[in-house]
Amino acid sequence: MSKIAVITDSNSGITQSQGKELGIFVVPMPFTINNEDYFEDINLTQDEFYNKLAEDATVSTSQPSPDSLMTLWDKVLEEYDQIIYIPMSSGLSGSCQSAFMIASEEYEGKVFVVDNQRISVTQRQSALDAKEMAEAGLSAEEIVEKLMENKFESSIYIMLDTLYYLKKGGRITPAAAALGTLLRLKPVLQIQGEKLDAFAKARTSSQGKNIMINAIKADIENRFGGMEAKDFWISCAYTKDLESANAWKKELEDAFPGFDINMDPLSLSVACHIGPGALAVTVTKKVHF
């Protein structure tokens, strides 16, 4: 039986230390901040990142370099026969396509890149699922097939506290951002598959939270076999404000009694586009094998 390693990137929210505990390798995502290079969770902490955002630093993300990926893959392959690599969704970054090219040209049969359209806590769940399947003795090809079968079986809803960072990144017009700020709107975005789209506009945080909870309930009912089946994971995420995040987690536990709800900070690659104070909730179908 092949010994299979699971690698993901820090967009999954899995930190370097958590990765060591879980037995999952984590590629740190690179950032350029005011023309200096940083790597998430290596020489850039969450607190340092938000301090720089607050100072209105120029922040941009990039993808892991081919060299850094190949160095890690080579090192892991000294101990393992094959690798399942789960990067962030190709709809949100070019890093997935780059990894596909390197794997097919240099690592055929050794590295399997999975583009199952995941980000943040849904990407984390895919890495955990892959690890569990590898430990259960599934082949690399079988693991890839299972992950791809379920690639669209998740939803993410995110309520933003500010439109400033979407405007700064050129993702909405300055006029729309100014109007939203004036009206104190709390936009709710969704990620279904590979795209980040507008979902609803809320006038207050509490209305935005209700919109997200109802959206998750509708997905469970219409797509995941209903509440009784319990055939899904519910998770939540946030940017910077842990106090609000803890309150949000409690609201979700009240709305979905009996579910063990995991909470993680959103990765910095997502946070740089949406800013601090965001709250998110996800539902992901369980993988059966």
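The chain folds into eleven helices and 13 strands. Helices are DSSP runs of H or I with at least four residues, strands are runs of E with at least two, and both are numbered from the N terminus. This is a predicted model, in which local features need pLDDT of at least 70, side-chain atom pairs count only at pLDDT 80 or more, and totals for chains, interfaces and linings use all residues. Residues are numbered from 1 along each chain as its sequence is written, and side-chain values use heavy atoms, with hydrogens and water left out.

## The whole chain

The C-alpha trace spans about 60 × 50 × 30 Å along its principal axes. A compact globule of 289 residues would have a radius of gyration near 19 Å, and the chain agrees because its own value is 19 Å. That radius is taken over C-alpha atoms, and the globule rule is 2.2 Å times the number of residues to the power 0.38.

Buried residues make up 49% of the 289 residues. Buried means under 20% relative accessible area, exposed means over 50%, and partly exposed lies in between (1.4 Å probe, protein chains only).

## Helix 9 and helix 10

Helix 9 covers residues 205-223, and helix 10 covers residues 242-255. They pack at an angle of about 40 degrees, with axes 11 Å apart. Axes are lines fitted to C-alpha atoms, for helices over the stretch in contact, and angles run from 0 to 180 degrees between N-to-C directions. The two helices are therefore oblique to each other. Angles under 35 degrees count as roughly parallel, over 145 as roughly antiparallel, 65 to 115 as roughly perpendicular, and the rest as oblique.

From helix 9, Lys-209, Met-212, Ile-213 and Lys-217 take part in the contact. They meet Trp-248, Glu-251, Leu-252 and Ala-255 of helix 10. By class, this contact has five nonpolar, no polar and three charged residues. Ala, Val, Leu, Ile, Met, Phe, Trp, Tyr, Cys and Pro count as nonpolar, Asp, Glu, Lys and Arg as charged, and the others, Gly among them, as polar.

Most residues other than glycine have a negative phi. Asp-56 has a positive one, and so does Ser-120.

| Residue | Phi | Relative accessibility |
|---|---|---|
| Asp-56 | near 65 degrees | 41%, partly exposed |
| Ser-120 | about 55 degrees | 4%, buried |

Asp-56 sits in the loop between helix 2 (46-54) and strand 5 (59-61). Ser-120 belongs to helix 5 (residues 120-135).

Technical notes
Contact means heavy atoms within 4.5 Å.
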